[in-house]
Amino acid sequence: MLPSLGINQFSEEENKIFKKYISNFDALSVREDIGAKYLENIIQRPIEVVADPVFLLKKEEWQNIAANPIKEKYILCYFIGDTPGLRDFAQKVQKESGYKAIVILKNLRDIKYGFTSYYEGGPSEFIGLIKNAEYIITTSFHAVAFSLIFHKLFWVFTGSSSKPNSRITNICGIVGLKSRILDSNNWKSCKYNETINYTPVDEKIEKYRQHSINYLKKACTLKQYND
């Protein structure tokens with residue numbers, strides 16, 4: 001079984017390494033369609049697309065470990081990298097909503113934008129910050145994943161349209177929310193408070209979750225028989 005590839009282009013030498021080390025696995029899976037198709041071309045075998053492990057647990061299970069570190073209403077910002085328009089959009093939402101923008105600090109550039117910095121926290125705080133936010137603006141796959149689990153209004157920047165984050169575009173496509181993806185060209189026309197109908201989203205996530213659980217059960221059975 002493989003994790004996400006994240007990108008969809010590798011060197012010839014890397015392709016040879018992939019072929020050498022994964023061809024003999026009894027069961028192979030990745031977390032995005034692009035990655036599956038890429039590796040299928042290399043090893044000439046079907047590869048399953050399955051959910052990220054966070055989707056294997058339901059909302060109620062994640063709620064049991066979620067902290068509540070901030071009591072006021074806020075916008076949660078979790079920025080990895082420096083996608084053009086990302087921080088300008090966050091400033092816009094802060095101004096128009098009247099809510100404080102709290103950023104999980106990963107880059108010193110966030111300080112100069114006037115956001116409130118959140119410096120410390122573990123998994124419980126991360127999950128709780130997403131669960132209790134009014135809006136989420138991010139570049140992180142897992143911030144998107146937990147936004148979906150907790151029915152949050154989120155916006156995600158994926159980089160340039162020519163080199164998007166395949167994990168993010170894949171999950172947004174699966175649940176029918178590609179409209180929540182922003183880039184340097186479309187963020188200015190975005191209505192930040194546009195709602196999400198989570199009924200069909202939940203149905204798609206549950207189908208995806210069951211598919212992934214069934215795959216894992218089958219893979220474990222296959223391993224048992226081969227031992």
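User: Which residue is the bridge partner of V156 in β8?

Analyst: The partner of V156 is I181. This is a predicted model, where local features need pLDDT of at least 70, side-chain atom pairs count only at pLDDT 80 or more, and totals for chains, interfaces and linings use all residues. Residues are numbered from 1 along each chain as its sequence is written, and side-chain values use heavy atoms, with hydrogens and water left out.

User: In which sense do β7 and β8 pair?

Analyst: Strands of a sheet pair through backbone hydrogen bonds, either parallel or antiparallel. Here β7 (residues 153-157) and β8 pair in the parallel sense over two bridges. Two strands count as paired if DSSP finds at least two bridges between them. Strands (E, at least two residues) and helices (H or I, at least four) are DSSP runs, numbered from the N terminus.

User: What is the strand order of the open sheet?

Analyst: Its six strands run β5-β4-β3-β6-β7-β8, with parallel pairing. β5 (116-118) and β8 (181-182) stand at the edges with a single partner strand each, so one side of each has no neighbour in the sheet.

User: Now the helices. Which residues of α2 are buried?

Analyst: In α2 (residues 33-43), they are G35, A36, Y38, L39, I42 and I43. Buried means under 20% relative accessible area, exposed over 50%, partly exposed in between (1.4 Å probe, protein chains only). The face turned away from the buried side carries exposed K37 and N41.

User: What covers the buried residues of α2?

Analyst: The cover includes α1 (12-22), β1 (29-30) and β2 (48-49). Contact here means heavy atoms within 4.5 Å. Just after α2, Q44 takes a positive phi of about 55 degrees.

User: How many cavities of 30 Å³ or more does the search find?

Analyst: Rolling a probe the size of a water molecule over the atoms shows where empty space is left. The whole structure has one cavity of 30 Å³ or more. A cavity is a set of points, on a 1 Å grid over the protein atoms alone, where a 1.4 Å probe fits but cannot get out; lining residues have an atom within 4 Å of a point. The largest cavity holds about 40 Å³ of space.

User: Which helix gives the largest share of its lining?

Analyst: Helix α8 (residues 166-174) does, with three residues. The lining of the largest cavity includes R167, N170 and I171. In α8, N170 and I171 are among the buried residues.

Definitions and conventions:
1 Å grid on protein atoms, 1.4 Å probe; cavity = no way out; pocket = protein on both sides within 12 Å on 5 of 7 lines; lining within 4 Å. Points joined across faces, edges and corners; volume = space filled by probe spheres on them.
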